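Start with the fold, then move to the ligand. Keep the structure open as you read.

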Amino acid sequence: MYELRNVTKRYTRGKETVHALDGVDLTIPDGDRLVIQGPTGGGKSTLLQMLGGLDRPSSGEVVLDGTDLAKLSEAKLTRVRSANIGFVFQSFNLIPTLTAQENVETALVPLGAKAKERRERAAEALKSVGLGERLGHLPSEMSGGQQQRVAIARALVKQPKVLLADEPTGNLDESMRDEIMEVLERMWKELGLTFIMVTHDSSIAKKAPRLATIRKGKLSVTENTGR
Ligand SMILES: Nc1ncnc2c1ncn2[C@@H]1O[C@H](COP(=O)(O)OP(=O)(O)OP(=O)(O)O)[C@@H](O)[C@H]1O
Ligand SMILES: [Mg+2]
């Protein structure tokens, strides 16, 4: 479970200060599925970076299961991140010279998994996203939707507690977008993850049971129980 208390993030460039996050309070229970939307520059990616321990707040607490990520040393933060948090980005971020299988295996290296175990778990993860036949393909030999599925397998192969996705369908056409959303939804249900996703897609946002909106660094949450 996440508990964010009065989280701010300021970026200073010369004389100008941007309040990317401005006093954000947010509780995310285990197994929740939270969609984050809002105008460009509103602070969505910044919030995801705080949740993922990719960056630290200027002030406030980002508590994951009782541990304030903002206070951890860099080494401990890296450990929490590589064991517990999976990321999926708009731009896939696959390593172009590695096969699908090898890209997925990279997520297991920091966890100290042996080569054989890495191979088996990566193959299993790729099968679960429907890419069992593409293990030896390079990213350049796959469609955008397939590359994003490799990225999802890489995020999930370590069996994280949390999956963070920043506009995971942003670079995909409509049919691939639906396909990727189906994979993400299925993984969320099957794995009991906490799933937090930033999207510009209003059709996805409309269906979300819990919707967070960030404007100018300020967050509000609405429950869509009636829909
Ligand atoms: N590293 C940085 N240095 C300076 N300013 C930054 C940095 N990262 C983000 N910002 C600023 O913080 C604000 C929030 O940025 P953020 O990337 O979180 O927005 P966003 O909601 O994800 O936007 P988009 O929908 O375009 O992805 C913006 O004004 C942005 O310019
Ligand atoms: Mg963004």
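Four strands make up an open sheet, ordered 2-1-4-5, with antiparallel pairing. Strand 2 and strand 5 (67-68) sit at the edges with a single partner strand each, so one side of each has no neighbour in the sheet. Two strands pair here if DSSP finds at least two bridges between them. Helices (H or I, at least four residues) and strands (E, at least two) are DSSP runs, numbered from the N terminus.

This is a predicted model: local features need pLDDT of at least 70, side-chain atom pairs count only at pLDDT 80 or more, and totals for chains, interfaces and linings use all residues. Residues are numbered from 1 along each chain as its sequence is written, chains are lettered from A and ligands numbered from 1 in the order in which they are written, and side-chain values use heavy atoms, with hydrogens and water left out.

Now take the pairing of strand 1 with strand 2. The two run antiparallel over 10 bridges. V7 has V24 of strand 2 as its bridge partner. Helix 1 packs on this sheet and touches strand 1, strand 2 and strand 4 (59-64). Contact means heavy atoms within 4.5 Å. The direction of helix 1 makes about 125° with that of strand 1. Axes are lines fitted to C-alpha atoms, for helices over the stretch in contact, and angles run from 0 to 180 degrees between N-to-C directions. Back in the pairing, L4 stands opposite L26 in strand 2. The hairpin of strand 1 and strand 2 has two residues between the strands, and G14 takes a positive phi near 60° there.

Which residues come nearest to ligand 1? Of the 14 around it, they are T40, G41, K44, S45 and T46. A residue is near if one of its heavy atoms lies within 4 Å. By class, this shell holds four nonpolar, seven polar and three charged residues. Gly counts as polar in this scheme.

Next come the polar contacts, pairs of N or O atoms within 3.5 Å. A polar side-chain atom of T40 is 2.4 Å from an oxygen atom of ligand 1. A polar backbone atom of G41 lies 2.8 Å from a ligand 1 oxygen atom. For a polar backbone atom of G43, the distance to an oxygen atom of ligand 1 is 3.0 Å. Strand 1 (2-13), strand 2 (16-28) and helix 1 (44-51) each give two or more residues to the shell. Helix 1 gives the most, with three residues.

Methods: Polar contact = N/O pair within 3.5 Å; in protein donor to acceptor, adjacent residues only side chain to side chain.
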